[in-house]
Each structure stands twice: as C-alpha cells, then as structure tokens.
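Subject: Handing over a structure

Dear colleague,

I am passing the structure below on to you, with the sequence alongside.

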Amino acid sequence: MPEPPVLLVHGFASSFERNWREPGWVDIIQEEGRDVLGLDLLGHGTADKPHDPQAYADLTRSIEAVLPPDAQVDAVGFSLGGQLLLKIAAEQPDRFRKLVVGGVGDNLFRDGDPESAARAIETGETAEGDPAVAQAFAVFARAPGNDPKALSACLRRPRSAIDEAMLSGVKVPVLVVLGDRDFAGPADRLMSALPDATLVSLAGADHFGTPKDFRFIEAVVDFLRA
C-alpha cells in the first residue's frame, strides 16, 4: 500500500515556496518516495490577499481545500501552519495519519494582543515598548511578495481559543519540534495536552531559523519513516 502524501503548511508571512521549497523540504520528501501537497494560506504567497480581517476568520479552509476527500495525509506545519493543523486534527483526526508541528509551543494558549505586531507590519515601524516579536515580524513581513496590509489583517482576524480540551481530540501521533531559543516555547503545556506526542528540542535554534535547520528536516523524515 503506498504511503500517504505529505501536506506542508507554511508559517505566517511566508509561503509554500519560501518555507518549504527553497530550504529543500520538497526535494527531500520526494526523494523519500512521497508525494507533496502544498498550498499558500489566504493572504500569503500566490493566494488572494484581502485587507479585511473578517476574511481570515477561518484560515483552516485554505488547508481543508487541498485535503484528499477519502484518504489520510501526513502533515507538517510550521508556526501558524502548525497551529491550524492542530485545530483541524482536533476536529477531524481521521484526516491524518501523522502530524508534525514546528515552531509551536505553549504560545498556542497565550491570548496575546496582536495589535502591536499588526501595526508594525502595516507601517513598517515599531513603537517604543513593542515586543521583540513584533519587531521581528515587521522585518520578516517586508520580504518580496508579501502584502503588509493583508498580513496585518490576518493578524487581526477573529479567532477562537485553543485549549487542552480541544487538543485531547488530536488522536494521531504528533511530533513537536521547537528551538530552545524560540519565543513560542516552552512546550510543557502543549505536550501534556496532546494524547500521543514526542518533543524534539533544537539547541540554539530560534523561531525564524527553524525551517532551514536540517535537524528539523531530519527529525521529520525519521518520524514519517517510522
């Protein structure tokens, strides 16, 4: 029986091309004999880029649109992509065989105000007292091909909280990969909430460097092979 395809879901202010193809993920997974499913989330890459926050109320639809209707996938998501995959897997675990989330930790449960980051992305400027994360995203979001107004609208979208009760519905094996310098960490609460999860910590890795860290790629390949 053939192995299921591998779905790759990029992070905020990135794209399938930047997050996965450029660092070599697509080639490596295809060399493993696996088909790759890719997409650009709404507001990112080649997807539509509306400027109304309400348009981003259900970002999971971008992912659900490429899921096979009658077959499972293995899925890898980074940062925002990982968060969205966890939400889908909690509600529809039968759609997945295995799940990998990178750059996601206990930030999943933090109900922070996105306004400082949204404003910094929209204007290209940060104010005194803005968190370092907002400043980093402001720089990252100015990459070629990004629409700052669309990205700021994405951050301002209506959203529902994710809690432990919801994550108890993720009935598939999950690999969590997190750099020990990643602002998304630690991952203690996330690991406790997931029924079947393994944590790989990347020493010296921060959030934005994780997708290009070969230790991340290696951990994913080993997990999907097992």
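The protein exposes about 10300 Å², an accessible area from the Shrake-Rupley method with a 1.4 Å probe, and carbon and sulfur atoms supply 49% of it. Please keep in mind that this is a predicted model, in which local features need pLDDT of at least 70 and side-chain atom pairs count only at pLDDT 80 or more, while totals for chains, interfaces and linings use all residues. Residues are numbered from 1 along each chain as its sequence is written, and side-chain values use heavy atoms, with hydrogens and water left out.

On the overall form, the secondary structure comes to 10 helices and six strands, these being DSSP runs numbered from the N terminus (helices are H or I with at least four residues, strands are E with at least two). The C-alpha trace spans about 55 × 35 × 30 Å along its principal axes. The radius of gyration, taken over C-alpha atoms, is 16 Å, which agrees with the value near 17 Å that a compact globule of 226 residues would have; the globule rule is 2.2 Å times the number of residues to the power 0.38.

Of the 226 residues, 52% count as buried, meaning under 20% relative accessible area with a 1.4 Å probe and protein chains only. Among contacts with a separation of 6 or more, 70% are between residues 24 or more positions apart, where contact means heavy atoms within 4.5 Å.

Neighbours within four places in sequence aside, S79 is in contact with G11, G102, G103, V104 and H207.

A13, in the loop between β1 (6-9) and α1 (16-21), also has a positive phi, of about 65°, although it is not a glycine; at 0% relative accessibility, A13 counts as buried. Finally, a cis peptide bond with omega of about -5° joins G185 and P186, and P186 lies in the loop between β5 (174-179) and α9 (188-193).

Technical notes. Buried < 20%, exposed > 50% of the residue type's maximum accessible area, 1.4 Å probe, protein only.
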